[in-house]
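Please look at the sequence and the model below before reading on. This report takes up the pockets of the protein and the surroundings of its ligand.

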Amino acid sequence: MQFPTVEQAVEYFSSAKNGRRNIDDSFWICDLGDAKKKLDMWNDLMPRVTPFFAIKSAPHRPLIKLLTDCGAGVDCASQDEMDIVLDMGLSPDRIVYSNTSKQISHLLHAKELGVKLATFDSREELEKMKEFFPESELLLRIKTDSKESYSDLSERFGATIDDSFGLLDLASDLAMNVMGVSFHVGSGCENPAAFTTALSDARRLFDYAATIGLRLETLDIGGGFHGTRNKSPSVEKFASVINESLKGLFPTSEYPNLRVISEPGRYFATGTFSLVSTIIAKRNVSRNEDYSLIYTTNEGICSSFMPVVGCPIPDIQDISILDGDSGRKYIKSRMYGPICSNVDVLMTRLLPEMEVGDRIIWKNTGAYSFSCGGRFNGFGATVFYDIATSDITPTRSDTPTSL
Ligand SMILES: Cc1ncc(COP(=O)(O)O)c(C=O)c1O
């Protein structure tokens with residue numbers, strides 16, 4: 001459905017149950033217009049890089065369909081994720097199986113379905129691929145400097161550059177088909193220079209591979225891009241660093257057939273979704289000097305706000321009351337999520353005074369929220385309303401590409 005703004009959509013869907021069990025249940029708004037704008041922006045900023053949406057961040061079919069209809073591929077980590085996109089009709093060559101610790105049954109499933117492109121970062125995983133899927137097409141995942149990222153993925157994943165030479169030797173001995181190099185600078189990256197270092201490491205490996213008879217032609221630059229304007233570095237900054245490094249290290253004159261893909265999750269997921277919760281309880285605590293009002297809302301750290309895995313409680317500028325806050329008194333308050341635990345604290349700060357039944361809109365909450373959250377204590381939104389606040393028609397330049 002078309003709406004001029006997310007707020008107008010929230011007003012419309014709040015006014016009746018609209019498929020929810022109760023009128024005051026929380027719900028999600030998915031604004032596909034935002035996702036399409038992000039994709040257009042990506043294509044303008046990084047024309048050499050095809051995004052493969054990391055569906056782990058927000059496995060919502062209408063979003064996946066929009067992005068893949070417009071030419072994106074997808075990054076999957078498991079059998080279920082592959083099934084979601086293959087059931088939607090996506091060709092297996094538009095999937096990268098980017099999990100370096102694969103469950104054997106999932107790997108066999110990938111083989112059966114023809115999902116060949118997959119990452120590895122160790123001798124053991126390489127041997128697993130040789131045993132169970134010798135025809136796979138491999139990307140060697142290397143470590144990056146991801147310490148300045150919200151999730152320091154290289155603390156766990158990726159081979160060191162020193163180990164990588166030996167892994168290429170082993171892949172060649174095993175006659176495995178190595179297609180290229182992949183990396184991830186960490187989710188919520190703060191340091192664009194991490195791309196420069198990783199790309200120059202990748203170039204060293206491309207050069208070494210050529211000396212042992214391996215012809216690499218795929219680069220997978222992972223994810224790490226922010227999904228909102230109020231977080232820096234901006235995607236423009238990342239794009240300029242990536243484009244410069246690609247131009248210097250992988251010039252098209254030397255690499256005319258290089259395929260560059262990326263695995264953005266947060267970038268597409270964050271702004272596309274807004275969560276709408278309801279104030280379900282209010283209590284005065286008049287003798288407490290830190291705050292004098294306690295609110296409970298029906299979303300919290302066990303449903304949609306999962307700071308550990310990547311969905312922090314939103315910044316205050318992303319939170320609003322549906323009916324506005326004009327005329328409301330500001331009072332030092334604490335807001336809890338719904339679970340029966342003292343740890344479900346969402347914020348303690350000056351808040352406009354609210355009443356039971358007021359709706360709160362939490363913008364920019366799509367990434368790693370509903371994909372990670374559960375329904376502990378029976379709370380958490382399960383209903384999504386798909387809307388568009390701007391045109392989502394694929395343009396001719398969005399033609400899907402195969403690998
Ligand atoms: C292998 C891999 N690719 C892509 C992503 C998506 O990263 P982001 O959401 O930072 O773009 C992740 C996130 O954990 C990941 O582990």
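## Basis of the model

This is a predicted model, in which local features need pLDDT of at least 70 and side-chain atom pairs count only at pLDDT 80 or more, while totals for chains, interfaces and linings use all residues. Residues are numbered from 1 along each chain as its sequence is written, and side-chain values use heavy atoms, with hydrogens and water left out.

## The largest pocket

A pocket is found on a 1 Å grid over the protein atoms alone, as an open set of points where a 1.4 Å probe fits, with protein on both sides within 12 Å along at least five of seven lines; its lining residues have an atom within 4 Å of a point. The largest pocket holds about 720 Å³ of space, where the volume is the space filled by probe spheres set on the grid points, which are joined across faces, edges and corners.

Its lining is made of 35 residues, and Lys56, Leu153, Phe157, His184 and Tyr368 lie nearest the centre. Two or more lining residues come from each of strand E7 (177-183) and helix H10 (266-272), with helices (H or I, at least four residues) and strands (E, at least two) taken as DSSP runs numbered from the N terminus. At least three residues come from each of domain 1 (6-29 + 271-387) and domain 2 (59-264), whose bounds come from an automatic or database domain assignment.

## The second largest pocket

The second largest pocket has about 440 Å³ of space. Among its 26 lining residues, Asp34, Lys38, Gly227, Arg229 and Asn364 are the closest to its centre.

Helix H1 (6-14), helix H2 (32-45), helix H9 (235-249) and H10 each supply at least two residues of this lining, and H2 gives the most, with five residues. Here too, domain 1 and domain 2 each contribute at least three residues to the lining.

## Around the ligand

There are 15 residues around the ligand, and Ser187, Glu263, Gly265, Arg266 and Tyr368 come nearest; a residue is counted if one of its heavy atoms lies within 4 Å of the ligand.

An oxygen atom of the ligand is 2.9 Å from an N or O atom in the side chain of His184, and an oxygen atom of the ligand is 2.6 Å from such an atom in the side chain of Ser187. A nitrogen atom of the ligand lies 2.5 Å from an N or O atom in the side chain of Glu263. Of the 400 Å² of accessible area that the ligand has on its own, the protein covers 92%, with areas computed by the Shrake-Rupley method with a 1.4 Å probe.

Note on methods: Polar contact = N/O pair within 3.5 Å; in protein donor to acceptor, adjacent residues only side chain to side chain.
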